[in-house]
Each structure stands twice: as C-alpha cells, then as structure tokens.
Amino acid sequence: MDWLTAENLIALVTALLGVLVSTGAVWYERRVPHQRRIGYRVQLDTTIGNATANGAATGRPGAAVRRGFFNATPALRDATLVLLRIENDGAMSIGADHYTDGDDHGLTVEFEHRRVQAVVVTAPDHPRLLSHFTDSWVGPAEGDATIQLPKVPLNRGAHYKLLVLLTGGPIGDPVSVDGNIAEGHVHVNHSTTPDDKPPVFSRVARTVTVVLTVCVVALAAIIVREQTPPPIGCARGTLTVTGSTAFAPVVRELAKKYEKDCPGSTVNVTAHGSTAGIRELEASGAKPAKGSPAVVALSDGRKPSGYPQLRESMVAVSLYTLVLNDGIPVDSLTLDEIRRLYRGEIKDWSELVPGLHQPVRLISRDANSGTREVFQRRVLGRNELANSSLNCESIDDPASTVVRCELDSTEQVLAAVAELPGAVGYTELRSGSDLKGLHRVAIDGRRPVVEEIGESPYPYREIEYAYTWGQPPADSLTSSFLNYLIRGSGQDVVLTHGHLPCSTPKGMKVCGDG
C-alpha cells in the first residue's frame, strides 16, 4: 500500500469533499431556490410611552420624553411603535393566487400581548404595491391583536412595510407573520441594515464557492508538491555546517548560492573551530535518531584520533599565512625566526628590526582551532606556549616573558592584530579579503600562492576535510550539498577564496599526496 501516504489521503478526502459539495449545490439549485418564500423582520420596536422591555408601563419618568399629541393622550402612556418589513426573499415571484390561507386575506400579523391602535402601510421602492391596500381592506379594528393583510403580489426582492401603533405591552414582545404559500413558506429573515437589498449571491452560494475554492487550492498545492521535484542535484530540508572558522567564509557564500539554486533548502553555518565541529557532529550522531544527522563538520586537517563513525571527504587545499600589524616593517620571516618568536625567545621586535622597540604580542587561536593545529604541526613543529594574557595587551602570568592570548575565531585574530602594536598572528589566505591595519608575511621568502601549490615548498598549508556521520543517503541534503561543495559549481567559490579544490586535476594530485 505504497499509495497510502499523507499527501494521497489529503488529496482523496479533498476530492470527495469537492464532489459532495458540488452534488449538494446541484441539489440545492434544483430544490431549494425554486421555492416561494416570504420573509419578514422587525426593523423598529420602540416606546413612545413608559413601556419597557420588562413591563407594560414603569410608572417612572425616563422611558420616553413626550410632547404634543403623544403627551396629551393618556391612552398612549404605554404605547409602542413597530416597523415590520415583509418581502419576497425567494427565487420566484408570488402572485395573489399563491396565497392559500383564505378568501379575503393572504397573511396574518400577530402581536402576542399588545393591541393595535393604528397602522400605516408604506412601499417607497415599490409604490404599486399600495394599490392592493384599497378601501376594501379595512385593516384591523382598534384593540385587535392581529392584522390581516391582503394578497399582495410580490416580485422577487419586492417589499412593503407596516408602521403599527400598539398599546398594552412591552417593547420586544413577540411579533409573528403567518400564512400559507403554494410551494413555499413564510419565515423570519435577518438583515444587517434596515433596508438592505438581497445579496447577489446567497449565503449558501457563498459557502459553496468558498468550500470549492479551498478544495481546488488544496489539490493544486498537493499536485505542485508532488509534481515539482527539486532541480537535479538539489534536495530540500535543513542542514547545519559547523567546524572550521577559516573555511567559514567559503561555506557561507556557498550556502547562499545553494539556497538560491535549490529552493526549499536551508543551510545554516555555525563555525566554532575544527575540533569543536567534530565534537558537535559526534554528539548529533550519538543521539537516538534514525539515519545520519543533517550535519557536516569541516576541519583544517584530519580529525583527531577516535570518532570511528565519522566519514571524511577531501574538499580543498587551504593556504595559510602569518600576519603582522602594519607598525612592524617586516615583509618576511625565516622559519627559525618564527619558531623563536613562538618559543618566547624574541620578546621585542628590536631583536629583528634594530631601533624598533615594540614588545611582541602573539595572537593565537584556542585549542579547538584547526588553523592553530596546522600551524603547530607544519610550521612550529611543536605546541605553542601557554596562554599568558586575557586582553592580548599585557602579561597576566608572572612566569611568562611574552604576551600570548587565545581567541575564538579567525575574525577575532585579524581584528586584534590590526589593532594592537607589535601583534603577530595567523590566518587562512583569504585572497579576496581587504586586510586593513595588517599585512601578510612570507616564510623564508616564499609567499602563499594558489597556483604554486604542489610546486612551492611553502610549508603553511593543509587539506580541508568534510566529515559526516557515516554515509548519508544519496538523496539527502547532506549528500547534495557535499557534491555541490566538492564537485559542483561550488569549486569556483572555493578558488575565489584562495583554496585549491581537490577535485581539480592539480588538486587531486596534491590531496592524494597529503
């Protein structure tokens, strides 16, 4: 029963609902609208005496203010006025012969507790109707509780009104209109305004239209969803890319490009360092969930030992460089000078630049950084000194002889080196970046050049790896984004940021050699 999916069930139910509503609409059109209907409603029920909704007369002033005739006539002390509208609100005209309730009258208006004193008939929109209220229609006798109305022919939408003066009962006392109509009936109707016209579409017609529209929209949405797959090579969903801050600028640009090329996908980049990213991926994979988590961890160099469930893919060869504050006029350092600096043996730049008295400040990354791990392994051949400063400006550890601080990201390192006199740090090449307040430094006279990777002995380089928890499904967003990054159009972005894609002919050789 592969067809029994949520989408197919919704489609089936929606289709059945549409058929039922359509069938009901046809039945209604054939059955209901062809009935004759007379509707009535009370448009005004107000006191002109002391009558209230709670009793015939309160005996208290304030129910109404009367002057002239009303005030001079004691019989009107509990009087009320009722305006009653009677109309043809059906789909068919009503003739005099359609009234079947007696020989001399068509409808009967009844007031439950009040008594009729006088009545006025008006038909401002249909004055011809008044011709049926001739002298032969004597109207109610004074004190009657009913008014018998003549057989007034009413075209569709035609109406007339009765203004009735009543005594002996409270306002709000029930008013009813009775009568027999051939193939029809008399009923109470409602209106938002006293004299509104019948709507172009009835309430039932509007309801049917709305329901059918909802059915069509729902079916269209399901069809679009089922018949419009993502572009070839794309996948929908949400993916988290974590790990290397050095490679984060590449991934952020790639994420925006992928989301634009593949609608329905969301790629979140949360870079906290290579080692931190590996741990985050491990934690996501260890959760009791089905399948591979939608997480990719990027690492500058191979992951630390352990983590047997992680699967690696080589992405690119990354170049790194030392950077100096612009206040230090040094364009190149030997490998030995760099190692002496990071062993704390050179404490002042005057030891390398005579006459320049400026303390050395080592701006480093924290232990989670892959950039730092590559620097220690490829350049220093050992670990860096212990952290000696919290603000990167002054020594906090009395046993230390040089300022060394650790920061959380490449961006923080670049900002600190540009700001602090005598500062030196390291970063990925970022050939497209506009560095201000600092400059790159060659190592043994050699500079990081992407085109010379594999030919130049420049030491500060490493392979960028992407890790997933096991083998993600081929149709998953994880696999799609990795292909986009490693072998797809993302290679141009990788090159622009100063990295050599491993999937290029030259990159394959360098990445294969390690």
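Of the 514 residues in the protein, 46% are buried, where buried means under 20% relative accessible area, exposed over 50%, and partly exposed in between (1.4 Å probe, protein chains only). This is a predicted model, in which local features need pLDDT of at least 70 and side-chain atom pairs count only at pLDDT 80 or more, while totals for chains, interfaces and linings use all residues. Residues are numbered from 1 along each chain as its sequence is written, and side-chain values use heavy atoms, with hydrogens and water left out.

The secondary structure comprises 11 helices and 19 strands; these are DSSP runs numbered from the N terminus, helices being H or I with at least four residues and strands E with at least two. Among contacts (heavy atoms within 4.5 Å) between residues at least 6 apart in sequence, 78% join residues at least 24 apart. The protein exposes about 26,000 Å², and carbon and sulfur atoms supply 55% of that area; accessible areas come from the Shrake-Rupley method with a 1.4 Å probe, and for residues only the protein chains shown count as cover.

Strands of a sheet pair through backbone hydrogen bonds, either parallel or antiparallel. Here two strands are taken as paired if DSSP finds at least two bridges between them. An open sheet of 5 strands has the order 4-6-2-1-8, with mixed pairing. Its edge strands are strand 4 and strand 8 (184–188), each pairing on one side only. Strand 4 (residues 115–122) holds Val-120. Strand 4 runs antiparallel to strand 6 (residues 159–167), joined by 7 bridges, and Val-121 stands opposite Leu-162 in strand 6.

Val-120 also belongs to a nonpolar surface patch with Leu-44 and Leu-163, together giving about 210 Å² of accessible area.

Another open sheet has 3 strands in the order 5-3-7, with antiparallel pairing. Strand 5 (146–149) and strand 7 are its edge strands. Strand 3 (residues 107–111) is joined to strand 7 by 4 bridges, with Phe-111 opposite Val-175. Strand 3 also has 4 bridges to strand 5, where Glu-110 stands opposite Thr-146. On strand 7 (residues 175–178), Val-175 and Val-177 form a covered face, and Ser-176 and Asp-178 an uncovered one.

Note on methods
Patch = residues over 30% accessible without salt bridge, like charges linked within 9 Å, V, L, I, M, F, W, Y side chains within 5 Å. Salt bridge = Lys/Arg side-chain N within 4 Å of Asp/Glu carboxyl O.
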